[in-house]
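Thanks for coming, everyone. Let's look at this one together. Please bring it up on the screen.

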Amino acid sequence: MELEAEFERVLAADQRVEPRDWMPDGYRRTLVRQIAQHAHSEIIGMQPEGNWISRAPSLRRKAILLAKVQDEAGHGLYLYAAAETLGADRADLTERLITGRQKYSSIFNYPTLTFADVGVIGWLVDGAAICNQVPLCRTSYGPYARAMIRVCKEESFHQRQGYELLATMMAGTDAQRSMVQDAVDRWWWPSLMMFGPPDAESANTERSVAWRIKRNTNDELRQKFVDMTVPQAAKLGVTLPDPELRWNAERGHHDFGTPDWDEFRRVVGGDGPCNAQRVAHRRTAHEEGEWVRAAATAHAAKRAAREAG
Ligand code: ACO
C-alpha cells in the first residue's frame, strides 16, 4: 500500500511523522499510551516536591522549587497537547489517570521525607529523566520530538539545581550530610526502575524501537545513567547503595546490582507507598477545578456566539 510505504520511507530516512500523515493504528496507539503516561508523570510528579514548597529553608530555595514545579506542569500540558494531535481527548486522558486505568511513572509513588529528597529528586530522578528523554528529541513523531527539546532544556536546569542543593548540604553539618546520604539510599533503586523493566521483559521495546518511537532500550539507558551518575556521586561525597557497583574495564561500563523487580511490579500495579494518596490528590484537584472548566467553556461559547452573530 502506498501510504504504508511512505510511512516506512519516512522512518527509514529518519524523518518525522506529522499529525496529518498516515500512520498504522498500532503506532498511533503506542504513541498515545507513551505520551499520556509521560504527561501523567509530569503532572503527578508535581506532588512529591510540591509538598516542600511551603517548607523550603530559604526564600531562594522556595523560588527555585516553585519555578521547577511550575515547569513540570508546563511539561504535562505540552505532552497532553502532543497526545491531542493524535486524536486523544485530554479530558478522557485525565479521567483514565484518576480512575487508575492509565499509568504514570513508578518513581512518584515514593514519599519525600526530608528537604534532601528535593535535591536527590533533582539530581537522580531528573537525571534519569534526562537520560531517557534526550534520545526522545529524535523520536519519530514530530510533535513529541519537538516538545522534548524544550522539556530537556528545563530538565537540565532541574538536575543542576538538585546537584547544587546537595553540594551545599554536603558542605554543611554532619546532620545535613547524613540527611543527603539517607535520601540517596532511598531514591537510588527507584531511580533505576524509572527506565522500565529489563529488556527481556519489556513488552513494548522491540516494536517501539522498530518504529523509532524509542531510540534505545530500557537497559541501555539504565546503563548510561549509572555510568553518568557514579562520578557525580564521588564528587558529591555520597555512597550509592549497591555493593555490586564497580567499573568493568572490559565492558567499559559499570557493573551494578539488580533492582528489586517485585517492588517495581507492586508499585506499577498500584501498591506503592503513596499511590493511593497521589491519585486521590489529583482527583480532588480535578474535581475542585470543575468550576474553572465550566466558566472557560461558557466563556468560549459566548465568544463564539458573538463572533458568529
Ligand atoms: N513506571 C510505571 N510504568 C512503567 C515504568 C515505570 N517506571 N516503566 C515501564 N512501565 C510500564 C510501561 O508503560 C508498560 O505498560 P503498558 O504496556 O501497560 O502501557 C509496561 O510497564 C511495560 O514496560 P515497557 O514495555 O518497557 O514499556 P515502554 O516501552 O513504554 O517503556 C518507558 C517504558 C521507558 C518509561 C517509556 O514509556 C518512555 O520512555 N516513556 C517516556 C518517558 C516517561 O514517561 N518518563 C516519565 C518519568 S520522567 C518525568 O516525568 C520527570
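How are α4 and α7 oriented to each other, roughly parallel or roughly antiparallel? Before I answer, one caution: this is a predicted model.

Let's start with how such a pair is described. Two packed helices are described by the angle between their axes and by the distance between those axes. Now our pair. Helix α4 covers residues 59-84. Helix α7 covers residues 142-170. They pack at an angle of about 160°, and their axes are 10 Å apart. Angles over 145 degrees count as roughly antiparallel. So α4 and α7 are roughly antiparallel to each other. Their crossing is left-handed. What classes of residues make the contact of α4 with α7? There are 11 nonpolar residues, 4 polar ones and 9 charged ones.

On to the ligand. Around the ligand there are 29 residues. Which of them come nearest? Those are Gln-37, Lys-103, Ser-106, Ser-202 and Lys-214.

Now some individual contacts. Take Gln-37 again: an N or O atom in its side chain sits 2.6 Å from a ligand oxygen. The side chain of Asn-132 also places an N or O atom 3.1 Å from an oxygen of the ligand. Met-194 uses its backbone: a polar atom there is 3.3 Å from a ligand nitrogen.

How much of the ligand does the protein cover? On its own, the ligand has 960 Å² of accessible area, and the protein covers 89% of that.

Notes:
Residues numbered from 1 in each chain as written. Predicted model: local features only at pLDDT ≥ 70, side-chain atom pairs only at ≥ 80, totals over all residues. Heavy atoms only, no water. Axes fitted to C-alpha atoms, helices over the stretch in contact; angles between N-to-C directions. Helix = DSSP H or I, 4+ residues; strand = E, 2+ residues; numbered from the N terminus. Parallel < 35°, antiparallel > 145°, perpendicular 65-115°, else oblique. Left-handed = near helix turned anticlockwise from the far one by under 90°. Nonpolar A, V, L, I, M, F, W, Y, C, P; charged D, E, K, R; others polar. Near = heavy atom within 4 Å. Polar contact = N/O pair within 3.5 Å; in protein donor to acceptor, adjacent residues only side chain to side chain. Areas by Shrake-Rupley, 256 points an atom, 1.4 Å probe, with all protein chains shown as cover.
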